[in-house]
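Hi everyone, thanks for making time.

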Amino acid sequence: MPELEPINFTRGVPATESFPITDLAEAARSVIEEQGTAILQYGPALGLSNWREWIAQWQGVQPNQVLTGNGSLELAEFLCGHLISPGDAVFVESPSYDRAITLFRRHKAELTGIPLEPDGPDIDSLESALKIRAPKFFYVIPDFQNPSGVTSSAAKRQRIIELAEQYNFLLVEDAPYRLLRYRGSPEPTLFSMAPHRVLHMSSFTKLIAPGLRAGLMLGSAELLAKIAKLAEDTYISPGYLAQGIAYEWCRRGLLAPQIESLKSLYAPRLDACLAAVDRYLPEAETTRPDGGFFVSLTLPPGILTTEVRSAAVKRNLNLADGLAFFPNGGGERFLRLPYCALTPEQIDEGVSRLAETVKEAGRRN
């Protein structure tokens with residue numbers, strides 16, 4: 001019997017066929033020829049000036065409200081280095097991005113997970129946690145959340161901001177998937193609702209390519225300058241060459257058509273993932289996002305993520321560790337399904353194999 005094709009439901013990576021290679025190559029040649037000295041030299045830690053100016057105009061802020069770096073997770077590292085002392089409280093959604101959880105733990109923050117509901121964080125749980133202790137910040141992913149796929153409602157966004165004002169803490173809004181909405185209407189960003197209370201993070205990883213390290217943070221100029229000083233003491237300046245290429249590519253008006261191309265590529269993959277789950281795993285509880293990179297499942301009672309993940313390997317199906325997304329325990333039946341890097345046919349086959357593995361686990365139990 002031939003070996004099954006490997007199918008990876010592990011990492012939320014973009015499809016390689018989405019990378020605009022020809023346009024990036026042309027942008028790289030142009031920017032090196034025209035701005036070679038500027039982008040090959042050290043510079044201010046806030047980032048390449050014309051890149052920050054372009055982002056500021058795009059986002060409707062001033063250039064001094066823009067900090068750029070080699071990916072948004074790196075900027076979160078610098079934020080923690082500036083704000084977090086051992087034992088400080090940080091709130092995250094539960095589940096939340098596993099690498100952010102790891103980062104906050106590295107800085108010895110005390111993490112509190114706020115349970116997620118289908119329309120965003122559980123406000124009652126958030127209020128209860130705040131009565132015990134307010135955090136330095138609440139890290140949230142309001143749009144097509146990683147790992148759940150959930151989008152926070154407008155009402156919950158407003159209430160989260162009200163609580164941040166009442167208890168005097170920052171909101172760190174991570175929004176790498178926001179522009180990848182395949183249907184429906186967007187909710188306002190937290191930053192647009194309360195710019196004095198929010199640090200907004202995003203990157204071009206999902207929009208252009210992960211190899212072009214181009215993250216951004218929007219916020220108060222005073223706070224960003226302090227974070228930039230820590231960045232300067234760490235690496236002097238970010239990768240100006242990558243920022244120069246990103247700037248030239250965006251300056252040419254290529255971002256908007258690229259986003260439309262991504263939507264056309266990924267929307268059928270989301271539909272294929274939801275259809276396959278409905279077909280093969282109707283007993284699982286499933287999120288039904290309108291965009292982003294992820295669908296998540298809660299397995300039937302008595303069937304554990306660890307057991308399914310281990311057994312799936314023999315079907316050449318690779319799954320992420322569902323427990324890693326929960327800061328205070330839980331997630332024993334949670335699975336994340338990233339679908340963007342797989343074809344609809346691979347998605348269908350992968351979910352079919354997953355269903356076989358779940359049924360096998362159910363028979364053993």
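Let's start with K156 and D119, whose side chains form a salt bridge with an N to O distance of 2.8 Å. This one links distant parts of the chain: K156 belongs to helix α6, D119 to the loop between β4 and β5, and 37 residues separate them. Keep in mind that this is a predicted model. K156 counts as buried because its relative accessibility is 9%, while D119, at 30%, counts as partly exposed.

Now for a pair within one helix. K226 and E222 meet in a salt bridge at 3.7 Å, N to O. They sit 4 residues apart in helix α8, so about one helical turn separates them. K226 is partly exposed at 42%, and E222 is exposed at 58%.

Next, D278 and R288 form a salt bridge, with the closest N and O atoms 3.0 Å apart. D278 is in helix α10 and R288 in the loop between β10 and β11, so the pair ties together parts 10 residues apart in sequence.

Staying with α10: its 26 residues should span 38 Å, and the end C-alpha atoms are 37 Å apart, which agrees. The helix does bend by about 25° at Y266, with a proline, P268, following within four residues.

Finally, what does a buried arginine without a salt bridge reach? R52 is that case, with E53, the nearest side chain of opposite charge, 6.9 Å away. The R52 side chain reaches the backbone oxygen of P63 at 2.7 Å, and one of its polar atoms lies 3.0 Å from the backbone oxygen of V66.

How values were computed. Residues numbered from 1 in each chain as written. Predicted model: local features only at pLDDT ≥ 70, side-chain atom pairs only at ≥ 80, totals over all residues. Heavy atoms only, no water. Buried < 20%, exposed > 50% of the residue type's maximum accessible area, 1.4 Å probe, protein only. Lys, Arg positive; Asp, Glu negative; His and termini not counted. Salt bridge = Lys/Arg side-chain N within 4 Å of Asp/Glu carboxyl O. Polar contact = N/O pair within 3.5 Å; in protein donor to acceptor, adjacent residues only side chain to side chain. Helix = DSSP H or I, 4+ residues; strand = E, 2+ residues; numbered from the N terminus. Expected span 1.5 Å × (residues − 1). Bend = angle between axes of the 7 residues up to and from the residue.
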